Amino acid sequence: MLARSKPCVVLLSLTVLGLIAFASSASASPGAYRVVIVQADCEPPLTLRNQIAAMPEIAVIDEFKGCEGTPTAAFLEGYDMVVSQSDSEYENNSLYGDALANYVDSGGVVVQYAYDNWDGGEVSNGPTGRFASGGYEPFIPGPNPNELTTLGTFDTSSPLMQGVTKLEAEFNTDPTLAPGATLVAKWADGRDAIAYKGRVVSISAYTGDQNPGEPDEWSGDFGRLTVNAVHWLGRQTLTVTNSNPVGGTVSGPGLSCGTTCSAVFTFQSSVPLTAAANNGFAFAGYSGACGGASCTLTMDAPKAVSANFETFKLAKKVGRNKKRGTGVLKVTVGGAGTLLLKGKSVKRQTKTASAAGVIKLPLTAKAKARKALKNTGKAKIKFEISFTPNGGTAATQTKSVVLKRS
């Protein structure tokens, strides 16, 4: 069964096993996304393809003739987004559905147009297999009233709808929102128009081309809507800036900055970052998409984080007051923070640094070390000094000093 009937005219381009390859007319920046349209139709969706290709985020847009062949998951994984649209039956609905499910599992984005979400009566018009049985689809397929309608109410805050002001379609379906899906827009006649679930977006409009020489029976910002999906739900780049690579490293999945300071993650991945200061430095915290001493990001958009490491250096020589049997240790810090000196044989000291500079910490023996200093004139003290930059984490060094008293 077909969604609607029309004569079939074959348009040829560079075709290999059902793939029609086109280069995007856009200057590919900033996303440089690769898109493939998998369609089961006599008329290639040239108007929609041209809308998508004109977007500056698109690097490549290809077309796969799904009525003549079935793309594999490995093939689809060469693209950032699959646009799926049928006006007929796919060559193998079940195998295509399995491939789509595997593709989404690997991090890919799928945008479905009608008649993928038409129940087709006895024959399913859209992908089946694991894509349908596994609950990937935002819409449960419904009938196809094919009544001219326009964009009605929609969520203006949704990333899918940014820059989308007009949608109109004469051929469309009346699906039902699937469990766990989020409805984004309705048609003016009250039917569900756009929904998403995970990395799959479904639109209940048909955006294929009309017969040659006839005007298309849809119009509006469908290209912008489609590209919004991959920009929002697609693989997102995390960029880390290490302002002082000598001072330490920031690591995370696929990241070790100093060296590797950017990585790409699937939509909504949780990415923890760990900062490790080198000897002579302390971690002074994150800024940007994270703030403070710890950072775990949800990658629902491209994000950038900066990390800073500050100097924390102990002087080699210790000033001694032999008359009193005390000492003074100079500590150089690279920014504001708190110094703490402690140990079993030394009096605890705390000093606050308001800015980068040299802080003097007094060394005073206690307990057994104090008795040894009194009885023998000298005592070895071992102590620990930590520096916690404001908004950062503590770094610790240890040192031993012999105090003398004459």
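1. In this predicted model, the charged end of R34 is placed over the face of Y79, 5.3 Å from the ring centre. Y79 also belongs to an aromatic cluster, in which ring pairs link it with F64 and F75.

2. One of the pairs joins Y115 and W118 in an edge-to-face arrangement, with 6.1 Å from centre to centre and 75° between the planes. Y115 has a relative accessibility of 0% and therefore counts as buried. W118, at 6%, also counts as buried.

3. A further edge-to-face pair is made by F283 and Y286, whose ring centres are 4.8 Å apart and whose planes form an angle of 65°. Both F283 and Y286 are buried.

4. Four strands form an open sheet with antiparallel pairing, and their order is 26-25-28-29. Strand 26, covering residues 346–353, and strand 29, covering residues 395–404, are the edge strands, each pairing on one side only. On average, neighbouring strands of the sheet are turned by 20° against each other when direction is ignored.

5. How many bridges join strand 28 and strand 29? Strand 28, residues 378–389, pairs with strand 29 in the antiparallel sense over ten bridges. Within this pairing, F387 has A395 of strand 29 as its bridge partner. Helix 6, residues 367–376, packs on the sheet and touches both strand 28 and strand 29. The direction of helix 6 makes about 145° with that of strand 28.

6. The loop between strand 25 (337–343) and strand 26 contains S345. Is S345 buried or exposed? Its relative accessible area is 15%, so S345 is buried, given that the cut-off for a buried residue is under 20%.

7. The surroundings of S345 can be described in more detail. A polar atom of the S345 side chain lies 3.3 Å from the backbone nitrogen of K382. Leaving aside residues up to four places away in sequence, S345 touches T364, A365, K366, A369, K380, I381 and K382.

How values were computed:
Residues numbered from 1 in each chain as written. Predicted model: local features only at pLDDT ≥ 70, side-chain atom pairs only at ≥ 80, totals over all residues. Heavy atoms only, no water. Pairing = 2+ DSSP bridges. Helix = DSSP H or I, 4+ residues; strand = E, 2+ residues; numbered from the N terminus. Axes fitted to C-alpha atoms, helices over the stretch in contact; angles between N-to-C directions. Contact = heavy atoms within 4.5 Å. Phe/Tyr/Trp six-rings, centres within 6.5 Å; stacked < 30°, edge-to-face > 60°. Buried < 20%, exposed > 50% of the residue type's maximum accessible area, 1.4 Å probe, protein only. Lys NZ or Arg CZ within 6 Å of the ring centre and 35° of its normal. Polar contact = N/O pair within 3.5 Å; in protein donor to acceptor, adjacent residues only side chain to side chain.
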